[in-house]
Amino acid sequence: MDQDTRSRLTRRAFLRAAAIGVGSAALAACGGGGATAPTAPPATIPPPTTAPTLAPVQPTPPPTAAPAPTAAPASAVTNSLGVTLPANAAPLEQQAFVVYFDITADFTSPNQMETIYKSGGFGSITNLTGDTLVRLNKDFQVQPAAALSWSSDETGKVWTFNLDPNLVWSDGTPVTAEDFVATFRYAADPTHAWDFAWYYSAPGAIKNWDKCVAGELPLDQLGVTAKDKHTLVIESETPAPFLPAKLVYSEVLSAAKLKEFGSGLYTADPAKTISCGPYLLKEFKPGERVVFEINPTYKGTNRPRIERVIQIAARPEAMFAGYQAGEVDRVTGEQLQTADNEIIARDPELSRQVRLTAADFRTDYLFFDCQNPPFNDVRVRQAFSHIIDRDTLIKSIITPTQGIPAYSFLMPGFPASNSEGLKNIQRYDPERGRALLKEAGYEGGKGFPKLTLWLRNEPQIRQALAAAIAAEITQEYGIEVEVSNKEFKTFMDALNAKPTQIQFGMVSYGIDFLDPSNMLGVWLSTGRHNWFNKTYDEMVLKAAEMTDQEARIKIFQDAERLLCEEAPAVFIYHRTVADIYKPYVVGECFEPNIAGFAGLQWPGFTSMSDSLQTLYISNEVTKYRKGTPR
Amino acid sequence: MVAYVAQRLAGLAFVFILVSIVAFLLMHATPGGPSDEPNMPLPPAAKENILRKCGLDQPLHIQYINYMANALRGDFGYSFSSPTETVAQVIGRTWPISITLGGITVVVALGSGILLGILAAIQQNSILDYVVTFIATLGLTVPNFVIALWLILVFAVELRWLPLGGWGDDWRQIIMPMIALGLGPMGIATRYTRASLVDVFTADYIRTARAKGLAERMVVMRHAIKNALIPIITVLGPRIPDLITGTIFVETMFRVPGLGKFFVESVLDRDYPMIMALMLLIAVLWGLVYLITDLLYTVIDPRVKLT
């Protein structure tokens, strides 16, 4: 066979083709580059920097019942619970709220008393099949829920809750105080091994909680009892005026079902579960779909507008693409990637869909091992507290929609926060820092050990932040810092080890409940960081017990001042979370709250929040959705 | 032959035990455990409750013996991450899906890869050859999650021709995961087939066949390909267990509820029963695949003898 007769690519032809290819690529690169470069920082809603502090948590409930939605002319749409939707509501079959949850996250149950951490990760919607004792409004104020009213005795240690007698399970049986007693006993039960078992310990511990969890006392000794069918009594170890706020985590389980199945996992099986909350569990396939439908037998006060909640498992990297394709109604800020935020910032239409929240008032900070050199010297810690150029970091790395500078621990809007008053203590001042280091004997960084800054499985944005901080420390102080992004459990294991294995790290904390004793409690000697200060402990624990709002806030603020001055942590920024919502997701819950945020506030679309009562789908949906969501 | 297979299976049992010990030790040597503490640390008593519930309060050797004794009876325990299901149930629910996706990908990707490799070898240095080589190199070098995201953006978001993901309710759901999963193995198959065939074309017996006047198609199909198959099987055989156990990125990107994600997630969650079961599954699969490829050599090339 003659090879020359077959088609061959000659050298000349190849070189010609290559030249054309390279030339085309060069032209494309030159042509496309300049036109779309953004010039100004993204023009989005500027987050509030200093908001007025919230109204302090009320120890007694407000006088009115749950607020009704603002009056709107009657429309044709009434949902299966008999709630009439506003005039611009979409038809009933479109009243479905479709969101994503993380496909790789564990999801063992949608009830918080079964598990807190294995419930689908950030952005998942849970806690809809039971009412909680109290719930929050968008200003983070405690509202009645399953408990219509409550009061404490003179000691402040015995709380009586009057339960809503109308609450009923979807199998027809009434909800009684016994259900709540069984729920709390289950949470404390050593065989259940609740992953949130630290929560009802101090501060504001339920009586005998720790002993029951440790198996030292039988569960009937737990300080949660039923006085009668609709009266629940909760006792605390010490006076705790914030106990009602803490009780937002109390989604009731059925005493009968707990007895029948031996565990709360029945809540994850649509065939076995019953609901006394606004929704019924229709489908539960972790890694695929979780679907709730409105509960037509619901008799409580958190009457929802949305008919169905559909959750689809997806990878965070693919969530924004799915949003653009119209598959879901929102992507939360925690689910958005840095690249997604850049696309949003460059697109005016998408930027308008961004809704800002304080989310869980999360603060990122550097922390130290304060028991060992070099950070056992307060001057060294204070020197480090003067090295963070927050304004530049927010502007160029975090971007102004993702955070505001933090000079103290409590974010503006959180009870007792005092950002303005404490702003000066950890100010950016490398000169002062150098002087402090010199005093401590480390002039120019000489003799200072090389540091490794441990990160807790951070995404790219905070890796960049840490790298910038490390570079600044090296440049200004002459101290070598290496950044190491650790796997999540490896980091937490090292942090919580006694003694701690992390000398220098960066981490964040977000709220569990709306009281300063929660956030400031992180820094108690019993907390998770290696800093022991008796004065601080005394101040926080004393203020936690006080009922006089003004006086306790003053003490909390003094404690936070001490925290900033002693600097076991250097505060970097408070996270503002920019969620993105389709324009047809509307409702009063999206109006600006007391701190100026106009997104769906923590804790989101759940029984713990009254946002269920106002969120709905408007008739604009037909411009975006094709067909009805399954 | 029977003696050989029996000997290999006995060896496999030994490998099985060795893998179980190494996996067990590595698993427990990794810091952290099944309890989650992103916020405040759990009180020691609460943490002990979790460890006791997971059977982790026993000494290590007791845990190992209990685990292996149960495993040999087919009881791999309950998954820590999915406490209502046993590990066997989770694998039983998810592996068939990975096998389906992987099986179809094997047939399509390896089949088309071998075919393209043959075409490229027959028409060496032609335009077809260069195009095929380019596609093969692309499949080999671009990571499958990049391909996956690109496919989603083009075909699901922009053109809206294909669904974003999912499994079981639309036959088109398999197209994108199959492409993302298959481009790499297809690239390997193409390259190795082409190289092996080009090598075989230089052999004396091929020149003889051509000199005898045989049609080129007969030369290729009857003489060249069979001889080129041995290196191809050696390389492609082990790709099969890779493909049928799923991969985390492609499956999670396209929401295919397969086994792939558990290989990574079970380690991150410290789901010990699942980790052990998956390690053992992989050991068994790979051992069997190597045994089958060794047996296949004797079928393809009678000169190869089992010792």
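Which residues of H2(A) are buried? The legends below come to this.

View 1. Residues are numbered from 1 along each chain as its sequence is written, chains are lettered from A and ligands numbered from 1 in the order in which they are written. In this predicted model local features need pLDDT of at least 70 and side-chain atom pairs count only at pLDDT 80 or more, while totals for chains, interfaces and linings use all residues. Chain A has 17 helices and 21 strands (DSSP runs, H or I of at least four residues for helices and E of at least two for strands, numbered from the N terminus). Of its 630 residues, 52% are buried (20 or more other C-beta atoms within 10 Å of the residue's own, with C-beta atoms placed from the backbone).

**View 2. Helix H2 of chain A, residues 177-188.** The 12 residues of H2(A) span 17 Å from first C-alpha to last, close to the expected 16 Å (1.5 Å times one less than the number of residues). In H2(A), 10 of the 12 residues are buried: Ala177(A), Asp179(A), Phe180(A), Val181(A), Ala182(A), Thr183(A), Phe184(A), Arg185(A), Ala187(A) and Ala188(A). These buried residues pack against elements of chain A including H3, strand E5 (158-163) and helix H5 (255-261).

**View 3. The side of chain A that touches chain B.** Here 45 residues of chain A are in contact with 42 residues of chain B (C-beta atoms, placed from the backbone, within 7 Å). H14(A) gives the most to this side of chain A, with 6 residues.

How values were computed. Contact = placed C-beta atoms within 7 Å.
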